Amino acid sequence: MTKQIKDKVFDEERSLYNIKNTEVINCKFEGPADGESVLKEGRNYTVKDCSFSLRYPMWHAKKFSLINSSMDDKTRAPLWYSNDGLMKDCLINGIKCLRECKNIVIDNCTINSPEFGWRCKNIKIYDSSVDAMYFLFKSKNVEIKNLKMTGKYSFQYMKNLFISNSELDTKDAFWHSKNIIVENSTVKGEYLGWFSENLTFINCKIIGTQPLCYCKNLKLINCVMENTDLSFEYSDVQADIKGHIVSVKNPRSGIIKADSVGEIISEDAVMKCSGKVILNNSLAV
């Protein structure tokens with residue numbers, strides 16, 4: 001039988017430590033005792049319509065749901081080492097949320113959390129917005145749909161990432177990442193995708209300076225590029241671009257097709273570069 005805890009205020013350390021098979025409803029975690037780890041080591045529990053203003057509230061949680069709840073900026077590092085969870089309709093403002101977690105679904109949440117989602121596995125993010133300085137650093141097996149994301153240095157050192165129907169306003173995204181597919185999305189930022197491997201964009205708009213350099217097995221399928229100068233330097237690339245590229249510099253190998261290119265730069269290369277640029281209805285350059 002599921003136990004219920006309703007309409008309470010908790011502020012002491014480990015107030016609900018190791019709760020099991022429990023619904024926590026319309027409670028507040030705040031107060032003068034300023035206790036940490038209020039829900040640490042919980043098992044099979046649901047938190048609904050609650051507010052948090054204490055540090056480290058949900059560490060080592062297993063089989064949990066956090067529904068229609070809020071965590072303010074005092075809720076530092078709220079979810080670490082937790083598995084098999086759902087976060088739905090939540091507002092998260094605590095720094096360093098979600099670290100070393102597995103099997104987490106995030107649905108319709110608004111998140112402002114620097115260093116969000118580090119070293120996690122099997123994460124799904126749907127219909128949400130995220131503002132994070134370092135987003136999903138060194139995480140694996142992530143699926144993202146309909147995300148509006150702002151921040152810097154996102155998706156670095158990741159493996160196995162799928163993104164669709166999203167807006168990403170970022171910088172230095174996908175650096176050193178492997179096995180990435182982005183489709184039907186807009187990606188805005190500087191120095192996109194450097195040192196990546198198996199990075200694919202499908203039906204995307206890519207905006208910003210010096211994108212997609214030092215890449216291995218880079219693919220762009222039916223994409224648009226805007227204000228993209230010094231593109232593809234030292235990359236192995238197959239690209240089909242609709243419209244204009246400001247400039248292409250020293251692609252290492254492959255073929256880049258575009259309607260027009262402002263400048264093709266072949267100089268000062270530090271390695272052998274055999275990549276070709278083909279203007280549509282024209283010959284290879």
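Start by selecting E41: with a relative accessible area of 19%, this glutamate is buried, because the cut-off for that label is under 20%. Keep in mind as you go that the model is predicted. E41 sits in the loop between β4 (28-29) and β5 (43-48). Now show what surrounds E41: apart from residues up to four places away in sequence, E41 touches Y17, N18, W59 and H60.

**Next stop: W59 and Y81**

From that list, pick W59, which counts as buried at 17% relative accessibility. The structure has 22 aromatic pairs in total. Among them is the one formed by W59 and Y81, an edge-to-face pair at 5.4 Å centre to centre, with 75° between the planes. Is Y81 buried or partly exposed? Y81 is partly exposed, at a relative accessible area of 32%.

**Then: W118 and Y134**

Select W118 and Y134 for another edge-to-face pair, here 6.1 Å centre to centre and again with 75° between the planes. W118 lies in the loop between β12 (110-112) and β13 (121-131), and Y134 in the loop between β13 and β14 (140-150), so this pair ties together parts 16 residues apart in sequence. W118 counts as buried, at 16% relative accessibility, whereas Y134 is partly exposed, at 30%.

**A group of rings**

**Into the core**

Which residues have the most contacts inside the largest nonpolar core? Colour F174, F201 and L220: they are the ones, in a core of 73 residues. Centre the view on F201 and, leaving aside neighbours within four places in sequence, you will find F201 in contact with F174, V182, V187, L192, I206, L212, L218, K219, L220, I221 and C223.

**Last stop: the cysteines**

How many disulfides does the structure hold? The number is zero. Select C90 to look at one example: its nearest cysteine sulfur belongs to C109 and is 4.6 Å away. C90 is buried, with a relative accessible area of 3%. Finish at C213, also in no disulfide, where the nearest cysteine sulfur is that of C215, 6.9 Å away. C213 is buried too, with a relative accessible area of 0%.

Conventions:
Residues numbered from 1 in each chain as written. Predicted model: local features only at pLDDT ≥ 70, side-chain atom pairs only at ≥ 80, totals over all residues. Heavy atoms only, no water. Helix = DSSP H or I, 4+ residues; strand = E, 2+ residues; numbered from the N terminus. Buried < 20%, exposed > 50% of the residue type's maximum accessible area, 1.4 Å probe, protein only. Contact = heavy atoms within 4.5 Å. Core = buried A, V, L, I, M, F, W, Y, C linked by side-chain atoms within 4.5 Å. Disulfide = S-S within 2.5 Å. Phe/Tyr/Trp six-rings, centres within 6.5 Å; stacked < 30°, edge-to-face > 60°.
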